[in-house]
Amino acid sequence: MSRADEPARTVVAVFVKTPGRSALKTRLAESLEVVDDVETAKSLYRDSLDCVREAIDASGLARTWAVAETDATGYELWADAPTLAQPAGDLGARMAGIYRALKERFPAVVLVGGDLPQLSPGDLRDAAEWLETPDRHAIGPARDGGFWLYGSSAENPTARWPGLPYSRRETAQRFRSAIDAPAERWLELPTRTDLDDRGDLAGVADELERLEAPTASQRRLAERLRRLLDVHP
């Protein structure tokens, strides 16, 4: 059996919300000073999803959509990959449920959000290679103190995820402490900027432009963000 024919060893679960079913990028919409700011934020989210989709596919890893709405797993936007409905609970509980469901079928699981358009195929491959060894972890720190990626080949590192303080300056640090694995079992990826509000546009555009091999969607979004910044610096 050739490597191309081998079953996927690492799956990337993308946590997403469905346009028209849930509010999208509300902080970004509130911070944009443009006409139809809600529609602009929604379309930026769709552009970000295109970037994430292309980056994962370019990495060669398997992809699954982790959909926030239990009745939207059949939505046309998610038709190009398997879907799982996120379970109820806070972010930690939802991540834990998706992780455990996928770990039953894959040796390693990587969790990312749909709002990090500067996701790099190289970073994903680095994480997947690191996780080929059992009981390892990978994390991508975010500039706001959170994290944009978590991956693991451990059987069940999720016990203390629910109830942690997410969306805080100390989120990544608290998350790593909750897993309580030795430092040598961790791979830390480059720090990235989450696309959460207007103040993040320049940082995301910079990181998109610094990618060694950006996808077509990443190049288009970088140009769009620069146009937004030119009009609303």
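Are W65 and W78 buried or exposed? Both are buried, and buried here means under 20% relative accessible area, with exposed over 50% and partly exposed in between (1.4 Å probe, protein chains only).

A word on the model. This is a predicted model, where local features need pLDDT of at least 70, side-chain atom pairs count only at pLDDT 80 or more, and totals for chains, interfaces and linings use all residues. Residues are numbered from 1 along each chain as its sequence is written, and side-chain values use heavy atoms, without hydrogens and water.

Now the rings. The whole structure holds eight aromatic pairs. Rings of Phe, Tyr and Trp (its six-membered ring) pair if their centres lie within 6.5 Å; planes under 30 degrees apart are stacked, over 60 edge-to-face, and the rest tilted. W65 and W78 make a tilted pair, 4.9 Å centre to centre with 50° between the planes. W65 sits in strand β2 and W78 in the loop between β2 and β3, 13 residues apart. Helices (H or I, at least four residues) and strands (E, at least two) are DSSP runs, numbered from the N terminus.

Next, W161 and F175. Their ring centres are 5.1 Å apart and the planes meet at 45°, so this pair is tilted. W161 is in the loop between β6 and α5, F175 in helix α5, so the pair ties together parts 14 residues apart in sequence. W161 and F175 are buried. Ring pairs also join them with Y99, F147, Y150 and W186 in a cluster.

On to the core. A nonpolar core is a set of buried Ala, Val, Leu, Ile, Met, Phe, Trp, Tyr and Cys residues joined through side-chain atoms within 4.5 Å. The largest one has 29 residues, and W65 and L149 are among those with the most contacts inside it. Helix α2 gives the most to this core, five residues. A second, separate core has 25 residues, including F147 and Y150.

Last, helix α3. This helix covers residues 91–103. Its buried residues include G92, M95 and Y99. Among the elements covering them are β1, β4 and α5. At the N-terminal end, D90 is the cap, with a side-chain oxygen 3.2 Å from the backbone nitrogen of G92.

Where is T215? T215 is in the loop between α6 and α7. T215 is buried, at a relative accessible area of 12%. Leaving aside neighbours within four places in sequence, T215 is in contact (heavy atoms within 4.5 Å) with E54 and A55.

Conventions. Expected span 1.5 Å × (residues − 1). Polar contact = N/O pair within 3.5 Å; in protein donor to acceptor, adjacent residues only side chain to side chain.
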